[in-house]
Amino acid sequence: MKLSLRDVQKTFGSNHVCKGISLDVQEGELVCLIGASGSGKSTFLRCINLLEPIDDGAVYLDGQDIAVPGLDPEPVRRRIGMVFQSYNLFPHMTAVENAMLAPRRVRGVSRDAIRPEVSALFERFGLGDRMEHYPDQLSGGQQQRVAIIRALAMRPEVMLFDEITSALDPQLVGEVLDVLLALKADGMTMVLATHEMGFAREAADKVCFLADGRIVEEGPPDVLFTAPKQPETQAFLERALK
Amino acid sequence: MTRLIVAGALALMGTTAVAGGHLCYEGKTLTEGKLTIATGNPAYYPWVMDDAPESGKGFEAAVAYAVAEEMGLSAENVVWVRTSFDEAIQPGAKNFDINMQQYSITPERDQMVDFSEPYYAAPMAALAVGAVSETEATLDALKGLKWGAVGSTTGAQKLINTIQPSSDPLFYNDNNDVIAAMQAGQIDAALFDLPTALYLSAVVLDGGTILGQFPADRADTPDLFGMLMEEGNPLKECVDAAIMSLTESGELAAIEAEWLQDTTGVPLIQ
Amino acid sequence: MTIADEGSGKPARTRRQIYEDGLRKRSLMIAGTSTVAVVLAIVLLVPLAPGWAAVKKSFFNWDVFSATFPKLLDAFLIDVMIFAWCAPAIAVLGLLIALARDVRNPALYPLRIFSAAFTDVFRGVPVVLTVYLIGFGIPGLGLPRPWNSPYIWGSLALILTYSAYVAEIFRSGIESIHPSQRAAAESLGLSRRDTMWYVILPQAVRRVVPANMNMLIALQKDVALLSFIGPVEIFRQAGVFKSLYANFTPYVGAAVIFLAITIPATRYADYLMAKQRRDRS
């Protein structure tokens, strides 16, 4: 098992956001988290790469518990890439500098050494001519692709995607989802919180429906989407697929 | 020397306060029947003792009362106010008839305000502290010191024009700041009028020494203290007459001897 | 007021444009007329005031002005010099203090306390007092020349005071950067230090450039406070001339010199600030 979460608990003050979430992700699997806004998907993702320290429970990466309190989160975060809904590119750097910063500072690779690898990523995802642009000179879809490239430049073993198409105009969603399909073909292990039901249905290996800080139901997409067992899941899908 | 010349000139003019049955000052003062005199805030020894000019103690306080009396005003008709230098020279209505704070008479200042006849000729003196106290009282030796002065005094001018120090002098707001800079070792020596220098060396500055005084006749502008009045003040003629009469009678010299007697015996700067 | 000629190839102006041009012309006329009227009133009425002749002689005396202005310019070079070494020192120290308030290491806790106390103290004391206390006080401990120079300790007083303000400006800049930037950097495995240095600070510093420009303008003027402890810079030189001539015109001359520097600088700061507002909207 590449990634394994056991009974993850997270509260913010009196707000209990994750009420004991467990999830297994196999190497090369694409897992989609669906559920209404505020159901805890985002927080759950942030707990996986330790952006939010969890209160209780365990996160195993390759069988090793990485959520032990007091453990340095930095080495773990290098192995887990994350892409955000609002891109969060560094606005004062060009696209290519955005992508090279972490390899240079964290992996200690020189600009010259990392540049070919990063350029190849830009070429591959159709941004070869946008490398020297600043984020505000790029469209939303382009920015989000740069954000994915920035995470990939760290050669992560697992990628987390937090509603990465929610802020995009509808006609730009496709270009970003295509990137995910390409990564899946590469065998990347991915967890994706999304509202794109069509994409989850076609591309996911497993879909989890979250509500109120819990996984209510999980299973292969054709099962979950066509024959949900829980009434909550049925109600959500009815609304979402209308 | 200067004083003698002044006294001689005055003797020729021969004036009195009373002319034709009425007193000269009448109708010319701020408040009828009162003479309003300004001093500094605070006023310093030995010009005014204990910052209390009403006592008549201290050279300028004593001169003030003598002048008032000469003009025909009794002591209780003298009113004291305080002003800074800037207030003394600003245009517009003044809150004093005459202002006495060791103002040196210069031709430039005279264009803006009126000065009375001089009541004192102040030699400039060099006050030093610390290791340089042994410096010879010659211009050549003094040039090498690090100098300071109060920026608003003629001492600052004399420093630049006569001593011409080899490194840039530092100028300050008042006597206390000059002393602070001397105590901090930032300057070696400073120029004051002699009575002030004597006071500072005796009372305020530990280890202060007077290196010497500038003879009045060697200065390009001998420092004569005058009472400052608003330009065109009609009272000037009355004040002048009083001062000349006091000079003539020797009373001014007597006041000076009483309050500023220590000024003799300071070596001259060659 | 005609619609652009037909056939000239120029696009005709819209009705809205014609209307707005008319409005603009009218408001320009009104603004121009009222400005001229006010200026005329000042120029014509002030000299009628009974004290004008005396004021003119004391404050706007051409003879005094021309005699003193060149030396005031010379003295201004000292202000420029003091400014030139204070400004970079303030930037560095202000930044260090801003960063010190963010340290997490418990061993460095005294540093946090110190920087908090530092900003409180030096923002709370009038600059001129700091100049006096440090400028006379520290040399009074017995430092040998030239280490007791009022230039050194007076400059230090300015540097400490202004660093306290600039540190707060930097901090507000740092805090204005959205937490998502930090999250993005940390999700890439960047250390806290690298996150601050490569991601947060470059954005924060840019954002506070206009505020810091205003601090520079204020510093430019406060350099004159060093005159209190000895240096004969422009303000002191003007004061010396004032006593010599018993005339305030040298102060007017000094003000002219200051304005020649600060007005363009203020305009530039305003321009930067307006630009930033545009960029952000």
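**Exercise 1. Strand pairing in chain A**

How many bridges join strand 1 of chain A to strand 4 (residues 56–61) of chain A, and do these strands run parallel or antiparallel?

*Solution.* The model is a predicted one.

Step 1. Strand 1 and strand 4 of chain A are joined by five bridges, and their directions are antiparallel. One position that can be located in this pairing is A:Leu5, which has A:Val59 of strand 4 of chain A opposite to it.

Step 2. Strand 1 (residues 3–12) of chain A also pairs with strand 2 (residues 15–25) of chain A, again antiparallel, through eight bridges. Here A:Thr11 faces A:His16 of strand 2 of chain A.

Step 3. The hairpin formed by strand 1 and strand 2 of chain A has two residues between the strands, and A:Gly13 adopts a positive phi near 60° in it.

Step 4. As background, strands of a sheet pair through backbone hydrogen bonds, in either the parallel or the antiparallel sense.

**Exercise 2. The open sheet of chain B**

Determine the order of the strands in the five-stranded open sheet of chain B, and identify the strands at its edges.

*Solution.* 

Step 1. The order is 10-9-11-8-12 in chain B, and the pairing is mixed.

Step 2. Strand 10 (170–172) and strand 12 (208–213) of chain B each have a single partner strand, so they stand at the edges with one side lacking a neighbour in the sheet. From one strand to the next, the twist averages 30°.

Step 3. Within this order, strand 9 (residues 147–150) and strand 11 (residues 189–193) of chain B form a parallel pair over three bridges. B:Gly148 has B:Ala190 of strand 11 of chain B as its bridge partner.

Step 4. Helix 6 (residues 154–163) of chain B lies across strands 8, 9, 10 and 11 of chain B, and runs at about 145° to strand 9 of chain B.

**Exercise 3. Two helices that cross in chain B**

At what angle do the axes of helix 2 (residues 59–71) and helix 9 (residues 236–249) of chain B cross?

*Solution.* 

Step 1. The two axes cross at roughly 110° and come within 9 Å.

Step 2. This angle makes helix 2 of chain B roughly perpendicular to helix 9 of chain B.

Step 3. Helix 2 of chain B contributes B:Ala66, B:Val67, B:Glu70 and B:Met71 to the contact, while the contributors from helix 9 of chain B include B:Cys238, B:Val239 and B:Ala242.

Step 4. By class, the residues of this contact are eight nonpolar, one polar and one charged.

**Exercise 4. Domains of chains B and C**

State the domain assignments of chain B and chain C, and give the distance between the domain centres in each chain.

*Solution.* 

Step 1. In chain B, the assignment gives domain 1 (2–121 + 225–260) and domain 2 (124–214). Their C-alpha centres are 28 Å apart.

Step 2. Eight residues of domain 1 of chain B and seven residues of domain 2 of chain B take part in the contact between these domains. On the domain 1 side there are five nonpolar, three polar and no charged residues.

Step 3. In chain C, the assignment gives domain 1 (15–48) and domain 2 (61–280). The C-alpha centres of these domains of chain C are separated by 39 Å.

**Exercise 5. How the chains meet**

Which chains share the most contacts?

*Solution.* 

Step 1. Two pairs of chains are in contact, and chains B and C share the most contacts. Chain A and chain B do not touch, with their nearest C-alpha atoms 48 Å apart.

Step 2. The contact of chains B and C involves 27 residues from chain B and 25 residues from chain C. Among the elements that each supply at least two residues on the chain B side are helix 6, strand 10 and helix 7 (175–183) of chain B. The chain B side holds twelve nonpolar, twelve polar and three charged residues.

Step 3. The contact of chains A and C involves 18 residues from chain A and 16 residues from chain C. Helix 3 of chain A gives the most to the chain A side, with four residues. That side has ten nonpolar, four polar and four charged residues.

Step 4. For the complex, the predictor reports an ipTM of 0.90 and a pTM of 0.81. Chain C has a mean pLDDT of 89, with 96% of its residues at 70 or more.

How values were computed:
Residues are numbered from 1 along each chain as its sequence is written. Chains are lettered from A and ligands numbered from 1 in the order in which they are written. This is a predicted model: local features need pLDDT of at least 70, side-chain atom pairs count only at pLDDT 80 or more; totals for chains, interfaces and linings use all residues. Ala, Val, Leu, Ile, Met, Phe, Trp, Tyr, Cys and Pro count as nonpolar, Asp, Glu, Lys and Arg as charged, and the others, Gly among them, as polar. pLDDT is the predictor's confidence in each residue, from 0 to 100. Two strands pair if DSSP finds at least two bridges between them. Axes are lines fitted to C-alpha atoms, for helices over the stretch in contact, and angles run from 0 to 180 degrees between N-to-C directions. Domain bounds come from an automatic or database domain assignment. Angles under 35 degrees count as roughly parallel, over 145 as roughly antiparallel, 65 to 115 as roughly perpendicular and the rest as oblique.
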